[in-house]
Amino acid sequence: MASSTRPLAIVTGASSGIGYELAKCCANHGFDLLIAADEPAINEAAQDFRTCGAVVETVEADLAMPDGVNKLYAATKGRPVEALLANAGHGLGHAFLDQNFDDVRHVINTNITGTLYLIQKVGRDMRARGQGRILITGSVAGFMPGTFQAVYNGTKAFLNSFSWALRNEMQDTGVTVTCLMPGATETEFFERANMLDTKVGQAEKDDPADVAKAGFDAMMEGEGDVVTGWRNKLQTTVANVTPASMLAEQHRKKAEPGSCKQ
Ligand SMILES: NC(=O)c1ccc[n+]([C@@H]2O[C@H](COP(=O)([O-])OP(=O)(O)OC[C@H]3O[C@@H](n4cnc5c(N)ncnc54)[C@H](OP(=O)(O)O)[C@@H]3O)[C@@H](O)[C@H]2O)c1
């Protein structure tokens, strides 16, 4: 990745959904791309971004695993990373006691452990250079206990909080940290989380291109966070003053398996 003069952005989870649209925003705004996902579909996405003029390299790796993150980081070959969009993540529906613990661990290791490991590696280089932008995909899910998606919502609460703390730690370094907090968005997320028979799985959702644009713009402006869409802004404001027990009950109605038969 050494010969281009364009700045480089890493986008994780760029094969579909919000990450795909984030990568497209980067390509359209003059970035070259190093994109990663777990499946070969990442190579098809790369072709789309090349038509926007970007030099694109792909890495197929499970970012829940330290080796996967190491493989992605090694693919920079020492080229400075101007923007890191740490977006890869996935959910897991159904009651916690009914979930397979390997699946639970994979959610935590993708959404939290792998994300943090990558941010620490790339963030150290950015701090040494005195410049860089980090965008973390959190979620409005982090504002409420996620009945029937308990572990996922917990990981997003972690990321929402972590993002603000890291931003403050890095305030004098020239590196900005921004948290993108989408609401329910029309991607493969709910199918992968086995949540298509839930109310939220069947409900109308936000457009991933709109969500990504809001996140990309906030990152470029160096803002601390962005909640996309007025409904989600209202939801997070109300959540801040609502008892956790009520939020948990509200989430049950949205995410209970079978609450919306297909
Ligand atoms: N959709 C929503 O309603 C919503 C709302 C708020 C926040 N978010 C967050 O937005 C982010 C993107 O999700 P999405 O909605 O765009 O869903 P999506 O269409 O399923 O995209 C998820 C992306 O992450 C990648 N990924 C997942 N686990 C991975 C792993 N272990 N290693 C490498 N790549 C991995 C997937 O690649 P592979 O297919 O190759 O695994 C895919 O590219 C996630 O962090 C999610 O939590 C989504």
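## Second largest cavity

H4 supplies four residues to the lining of the second largest cavity, the largest share; helices are DSSP runs of H or I with at least four residues, strands are runs of E with at least two, and both are numbered from the N terminus. This is a predicted model, in which local features need pLDDT of at least 70 and side-chain atom pairs count only at pLDDT 80 or more, while totals for chains, interfaces and linings use all residues. Residues are numbered from 1 along each chain as its sequence is written, and side-chain values use heavy atoms, with hydrogens and water left out.

The second largest cavity holds about 30 Å³ of space. On a 1 Å grid over the protein atoms alone, a cavity is a set of points where a 1.4 Å probe fits but cannot get out, a pocket is an open set with protein on both sides within 12 Å along at least five of seven lines, and lining residues have an atom within 4 Å of a point. The lining consists of Tyr73, Arg79, Val81, Val122, Asp125, Met126 and Arg129. By class it has four nonpolar, no polar and three charged residues.

## Largest cavity

The structure holds two cavities of 30 Å³ or more. The volume of the largest is about 60 Å³, a volume being the space filled by probe spheres set on the grid points, which are joined across faces, edges and corners. Thr12, Leu63, Val69, Ala86, Ala88, Thr110, Gly114, Thr115 and Leu118 line the largest cavity. H4 again gives the largest share, four residues. Five lining residues are nonpolar, four are polar and none is charged.

## Second largest pocket

The second largest pocket contains about 250 Å³ of space. Helix H4 (101-129) and helix H5 (150-169) are the elements that give two or more residues to its lining. H4 gives the most, with six residues. Among the lining residues are Leu116, Arg124, Phe162 and Thr173.

## Ligand site

The ligand is surrounded by 33 residues, of which Ser15, Glu39, Asn87, Tyr152 and Thr187 are the closest; a residue counts as near if one of its heavy atoms lies within 4 Å. The shell divides into 12 nonpolar, 15 polar and six charged residues.

A side-chain N or O atom of Ser15 is 2.6 Å from an oxygen atom of the ligand. A polar backbone atom of Ile18 lies 2.8 Å from a ligand oxygen atom, and a backbone N or O atom of Asp38 is 2.8 Å from an oxygen atom of the ligand.

Definitions and conventions
Nonpolar A, V, L, I, M, F, W, Y, C, P; charged D, E, K, R; others polar. Polar contact = N/O pair within 3.5 Å; in protein donor to acceptor, adjacent residues only side chain to side chain.
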